Every structure is written in structure tokens, then in C-alpha cells.
Amino acid sequence: MGEIRLMKGNEALAEALIRVGCDGYFGYPITPQSEVIEYLSKEATNRTGMVVLQAESEVSSINMLYGAAGTGRRVVTTSSSPGISLMQEGISYIAGAELPCLVVNVMRGGPGLGTIQPSQSDYFQATKGGGHGDYHLIVLTPYNVQEMVDFVKLGFELSEKYRVPAMVLADGAMGQMMEKVELFDQIPRRTEFPEWATTGKPHDKERRIVTSLFIEPEVMEQVNLRLQAKYRQIEAEETRFQTMNLEDAEYVFTGFGLGSRIAMKAMELAREKGYKVGLIRPQTVYPFPYAIYRETAPKIKGILDIEMNSGQMVEDVRLAVGDKTRVEFYGRMGGMIADPESVLKHFEKVYLGVE
Amino acid sequence: MSNLVEVPVNPEVVQDQFVVYKKPKTLTDKPLHYCPGCAHGVVHKLLMEVVDEMDIQDKIIGVAPVGCSVFAYDYMNIDMQEAAHGRACAVGTAIKRMMPDKFVFTYQGDGDLAAIGIAETIHAANRGENMLVVFINNAVYGMTSGQMAPTTLPDMVTTTTPFGRDVKTMGYPLRMSELLAQLPATYYITRQSVHNAVSVRKAKKALRQALEYQKEGKGFCMVEFVGNCPSNWRMTPLESQKFVEEKMTQYYVVGDVKVPGGK
């Protein structure tokens, strides 16, 4: 069993970045995730020699991430919604150049400068592209502080396995709340680097070029086909989700991250009142676990999707179930957080006709 | 009818003692896509000559920009990364921070370095990143075919300044070398040109000097080249060299702008 600590989500994530053997962090402060760079600035370099660099902007941080990832190092940036929007061009380049790395979005309410309070309104941006071109990130959505730690490790492992950038899609609540967390042991930083990394041309080998530029359309299409093949493999092999109480469920509550946590509590309240409610919680939202919804749909009377946005993941849920079951949505926006009682009340109203 | 006569080359005649010139081995055999008379080809060659002479082909990583030299990695036979437009200094920063024992340079044009990427340039310089920036300033956007650059001279005609650059509404040409020289963390800033044989020789010395400083860990160095762009200046190569000598170097004075221990 690893070390147990009571930690704030952002600090737990930062601790995990050190322990996972990160070589470099490049970031720009933004609420509600500035604790990450503060924690790393204090802790990281002394402990592992990890480079921690405060960039002049998110535009710069993501391009630093590109350069560092191109050397085959394990590197990360963290930000929050407006900063992640600024990074989209760079993320597209990283995807195009097939560089493994980790991007963390501790979401806050938008659009625009929005609010610093928690939100989940960047789901579309994270899962459907965000930047230009046909690409995907591997997107992991933590629902507690433990997963803020676990998904750092998993994110790097998946990203490096496929050479596809990974994103931890958290939110202000995950970043700011304190919980008990079990930390994995320190993993040493690597001393050997992949063949494709630009570490200086070996005398006896071809030079390495990190680029997303393939100006001949015939070549560019081949690059795209290779990327798409990887995405199909990721969809087939890396989908992760959790279910609860599906065995006897007549209804399913669903959501990701913060939304799933609220859904979980609402499910408990529903069970106390005798309603047979289960839960599906995607841990990866790209790849999205369409199959579990598809399989569950014919056995239930309806799904209630809970998100802190206007209804984004619910589009994927509807895509999964088609007309096999009814799908309803409950959301709060702009930094407001749904309470489980209101979720339950909404469920009783739309599905049971209770006013 | 061609008046060219094909002369067969006898390899036995081509002996080392007769070779007075050859391309550096770190330049690939790929034909350059640059227009005839363009400074890029000369600067590519000088840079790779220095890499050869210092024997650092296996220790140097280059960063290509977006602009005419976007394909620099096709010609330089070293490990390279292609950066997003303007971000070469951010990319170079990270490469160097990950591998402080390696040599890193960025190769950037005026739009890349002084317009869209000026923040990355200034902040990398201000942090004293121990790398070399090779800056080609030809006062025009070449790849997009001749629009105004931040370094376009006053009254100079481009496709977006058809009546000449009006400094009242379009601002003044940026002297990047002088601007960066003010920062305490910059170590060696020099402006060179390659428009005649003498300047080519001096330019090569400047590149060598900058990489030697990097080897010693001295910090941020930039070699600016007052370049030319015959195609978009609507000039013959020779006319463009004359324009460099008579006009460009009047505004962009050639010589060291900041040297260690000096001003």
C-alpha cells in the first residue's frame, strides 16, 4: 500500500507528476489550478531534478511542451479553460507530430473569461478536437482526488503507448477539494529515450525530424490514415468506465467527473426511497464507452445525465442508445454546482411524474 | 539548340588536392527551394559549415520556423523540430532545458520572430536561454508572397503597403537586435549580412562565435542577418544585393550590437 495523505486535488496531482518521473513542467498560472505550479516550484526540482518553468503565456507553455516532448521526455502542462483554449493550436501540432505528453485542464465556467468556479463545459473541446484538423486526445476524467493521482500515471502510460497526447479533464471542484489519497511510489526519471526523439543525430543513423507539416496531400492523407487507425485501436482497447447497481436497475444516472460524483450521491438518495437506480461513470470520455450504454439501454426505462454544463456528454449518450431508451438531462452552468437533492427531484419529476 | 557542352568527369582527376570548395557534409543533397539569389541558402551553408567544423552534428538540435525556411530541416542533416508560427524560441527553450548539454538553435524570419512570435523571442532572451537564434530579416513576408513585415522599411512598397509603409499608421520597423540587446540576460547580439564575399566571411565568424559561447554556457545569443528577397522586392538578385547595401544596412546597421564586456 502506498503512502496515504490528506491532500488538495491540485496538490495531489502535482505530487503525482513528481512521482511519475516527469522531466519537465511548462505552465502559466490560472485559477483554479495555480497550486500545481506552486507545489512543483517548491518540491519538484530538489527532489528529482525535474524542470519547472513558468512560461510567459499558455501559448508559450504548450509550444514548450511540444519541444520538450520532441526530445522524448515525460512532460506536462496544466491550465484551466481559457488557458486551454489558448493552447489549442499547439495541441493540434502535438497531435499531428504524434508526441506523447500530458495536458491537464482544471475546468472553470465559461464562455469567455467566465468565472473561476468549477464547470464541465469544455467536454466538446476536449473530446471532439478542440484545435484544427482530424485528431483526438485520450481524455481521462477524474471524479475524486485519488483519480487526480491515478490518471496522471495512466495518462502518461496511454500517451506513450500510442504517441497520442493525453488530457486529464478535471474541474475546479476536483482541483480545490481535499480528500484522502493513496500515492504511488516514486518512479525514477528515464535515462533512455525513444528512437524518434530529437536528441542529436547519431552518426550511424538517419536524422530525426519532429513535424506536423506534410505538404504533399498524398503523404498528409497517409499520416491521417495512420492517426485514424490508432484512434480506432484506442477506442477498441482503452475505454474505461465504472458501473454501480446496474443488476436490478430500472433507471441509470450518468455523468463524468464532478457530475458523476453528484449522480452517485443522487443514486444513493434514490435507492433510499426505493427507486432502482444504477450508475454509469465514464472514466475515459475519449474513447467514450458507447457499448455499456448500448447494452444497458434495452434493460432500463431511462437515463438521467448530470453535467455541470448545458448538456455536452449527453449527446454521446444519446448517440449510444438511439431510441432504445429515454435520455433526460440535468445540468447547472456558469460555476454553479448541482446538489443531489435537486437531481433526485428532477428525476422524480421527469420520470415518475412527481411534482 | 543548347550551347552547353557536357564534360565527362573523370573521378581520377577529381582528387582532394584540387578541391577548393565543397558543400558541408551536414547539408543534404536535396535541391534548395529558395528563389535564386536568396540569402537563406548562404546562411544555411554557413551554419552547417560551422556545425561541421565544431564537429557537433550529433550534439545539435535545430528548430525550423514557419515562413520561407519552414523546410530548413530538409537541408540540414541534423535532428530538427518544426515549430508553430512564431513559437520557435519557446520550442528551443524547452529542448535546451531538457538537454542542457546539447546545442540548440532556432532559425527564424522576421514575421516569425518579430511579429507573431515577439513575446516568445523577448521572454526567451530575457530568461537568458542558452541557445542561438538565427534571425533572417529581409523586411518582407516571403512565403505568403510579399506582405509587410514588422521590419519593412519606411515607405517600402509591399503587397499590403502598395503606397509604401506609412509609419504614422503602420508603425516603425523594429530593430530586434537593439531591442534584445537591452535585456541583461542576452550575451551576444550581432547583425550581419551575406550580400558580398567580405560579409559572408564575417557572418560565419559570428555564427561560430555564438555557438562557442553556447558551449561555454554564456546564455542567449542572436545573429541577425540583413537578408534580401529578390522575388518579393521585385528585383534581380544583383539589384537586391545593392538594396541591402544601400538601403537596408542604413536602417539596420551591420556589426556587433552587444558583445561580452562591451556595450
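This is a predicted model: local features need pLDDT of at least 70, side-chain atom pairs count only at pLDDT 80 or more; totals for chains, interfaces and linings use all residues.
In helix 3 of chain B, the buried residues are Ala88(B), Cys89(B), Ala90(B), Val91(B), Gly92(B), Thr93(B), Ala94(B), Ile95(B), Lys96(B) and Met98(B). The helix runs over residues 88-98, and with 10 of its 11 residues buried it is mostly covered.

Taken along the principal axes, the box filled by the C-alpha atoms of chain B is roughly 60 × 50 × 35 Å. Of the 263 residues in this chain, 57% are buried. Contacts that join residues at least 24 apart make up 68% of those in chain B between residues at least 6 apart in sequence.

The surface and the charges of chain B come next. The chain exposes about 11800 Å², and 58% of this area is supplied by carbon and sulfur atoms. Its charged side chains number 27 positive and 27 negative, with 5 Å between the centres of the two sets.

The C-alpha trace of chain A spans about 75 × 50 × 40 Å along its principal axes. Buried residues account for 60% of the 355 residues in the chain. Among contacts in chain A with a separation of 6 or more, 79% are between residues 24 or more positions apart.

Over all chains, the structure holds 16 aromatic pairs. In one of them, the rings of Phe288(A) and Tyr293(A) have centres 5.4 Å apart and planes at 5°; the pair is therefore stacked, since planes under 30 degrees apart count as such. Phe288(A) and Tyr293(A) are both buried. The pair of Tyr251(B) and Tyr252(B) is edge-to-face, with 5.0 Å from centre to centre and 70° between the planes. Tyr251(B) and Tyr252(B) are buried too. In chain A, ring pairs also link a cluster made up of Tyr251(A), Phe253(A), Tyr275(A), Phe347(A) and Tyr351(A).

The backbone is the last topic. Most peptide bonds are trans, and most residues other than glycine have a negative phi.

The peptide bond from Thr31(A) to Pro32(A) is cis, its omega being near 5°. Pro32(A) belongs to the loop that runs between strand 2 (24-27) and helix 2 (34-48) of chain A. A cis peptide bond is also found from Gly110(A) to Pro111(A), with omega near 0°. The loop that holds Pro111(A) lies between strand 5 (102-107) and helix 6 (123-127) of chain A.

The other two places concern phi. Arg163(A), a residue other than glycine, has a positive phi near 55°. Its position is in the loop between helix 7 (145-162) and strand 7 (166-171) of chain A. The relative accessibility of Arg163(A) is 25%, so the residue counts as partly exposed. In chain B, Ser145(B) is not a glycine either, yet its phi is positive, at about 75°. Ser145(B) is in the loop between strand 5 (140-141) and strand 6 (147-148) of chain B. With a relative accessibility of 41%, Ser145(B) counts as partly exposed.

Notes. Residues are numbered from 1 along each chain as its sequence is written. Chains are lettered from A and ligands numbered from 1 in the order in which they are written. Side-chain values use heavy atoms; hydrogens and water are left out. Buried means under 20% relative accessible area, exposed over 50%, partly exposed in between (1.4 Å probe, protein chains only). Contact means heavy atoms within 4.5 Å. Rings of Phe, Tyr and Trp (its six-membered ring) pair if their centres lie within 6.5 Å; planes under 30 degrees apart count as stacked, over 60 as edge-to-face and the rest as tilted. Helices (H or I, at least four residues) and strands (E, at least two) are DSSP runs, numbered from the N terminus. Accessible areas come from the Shrake-Rupley method with a 1.4 Å probe; for residues, only the protein chains shown count as cover. Lys and Arg count as positive and Asp and Glu as negative; His and the chain ends are not counted. The place of a charge is taken as NZ of Lys, CZ of Arg, CG of Asp or CD of Glu.
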